[in-house]
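Hello,

Here is the structure I said I would pass on. Please look through it first, then read my notes below.

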Amino acid sequence: MRGPIVHYTPADFPQGINANGAIVFIDRDGVLNVGKSTYINNPSELEILNGSPKAIGDLRRAGFRTCIVTNQSPLMRGLWDENELFLIHQSLREKFLESDNDAKFDIIITCPHRQRDHCSCRKPNPGMLRLGDSILRTKGVLIAHDNQSIIELDIDHPKVNWWNDKVAPKHQLDTMIGDRNSDMGAGWAIGARLFKVPDDVGISFAIERILDKDDSGDRFDPIR
Ligand SMILES: [Mg+2]
């Protein structure tokens, strides 16, 4: 079975800003753009939530790396293919930059699977977050040019024990932002700070809290 689809476009920080060492993992639908039960099937269906470009710009201005992690089962359902996905994400990037010069994403990772495919990347599994972490933090693991897809096989992902305590994050400010419990679960599994936002408001709902280094995020129990 194929792995997640990675669009790796490591981005510069705004002038005078250095990386703070942390990664913000961001769900897409209901966080950056309006989600639809019938999916986002082409760029014309992409409706950016108010304030989300500025929120991403604010994260970059604070030195965060940014990694979108999105479940898109229409790929394995055969509704559309990787080219359509690329066009949607190209449009997303353009719309964000139109609103805020700093609103850049280092990586967009997409899980193409359905629940019945039993992959390790579909959230709440943390496979996409672990992959994003390894790309951004381990030099030389994966090298790609702009807009090139990397197929990473689903191997060697330790199973998550949801009954354990939350693990320690790689960086204290590693963060997961999503609108569903499956997003919270994936972030929980890597020890990230968790912020759940309403899907009709998106990331701007929580951006002040996310930027607050002393805010440890929402409480979440994956087995409840
Ligand atoms: Mg969502």
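Val 24 stands opposite Thr 175 in strand 6. Strands here are DSSP runs of E with at least two residues, helices are runs of H or I with at least four, and both are numbered from the N terminus. Strand 2 and strand 6 (residues 175-178) pair in the parallel sense over three bridges; pairing requires at least two DSSP bridges between the strands.

This is a predicted model, in which local features need pLDDT of at least 70, side-chain atom pairs count only at pLDDT 80 or more, and totals for chains, interfaces and linings use all residues. Residues are numbered from 1 along each chain as its sequence is written.

Strand 2 also runs parallel to strand 3 (residues 65-71), joined by four bridges, and Ile 23 stands opposite Arg 65 there. From strand 2 the chain passes through helix 1 (residues 52-61) to strand 3, a right-handed β-α-β crossover (clockwise from the first strand over the helix to the second, with the strands pointing away from the viewer).

In strand 2 (residues 23-26), Ile 23 and Phe 25 point one way, Val 24 and Ile 26 the other, and all are buried (20 or more other C-beta atoms within 10 Å of the residue's own, with C-beta atoms placed from the backbone).

Helix 5 (residues 181-189) is largely enclosed by the rest of the structure, because seven of its nine residues are buried. Among them are Asp 183 and Trp 188. After helix 5 comes Gly 191, with a positive phi near 80 degrees.

Regards

How values were computed. A residue is buried if 20 or more other C-beta atoms lie within 10 Å of its own, exposed if 12 or fewer, and partly exposed in between; C-beta atoms are placed from the backbone.
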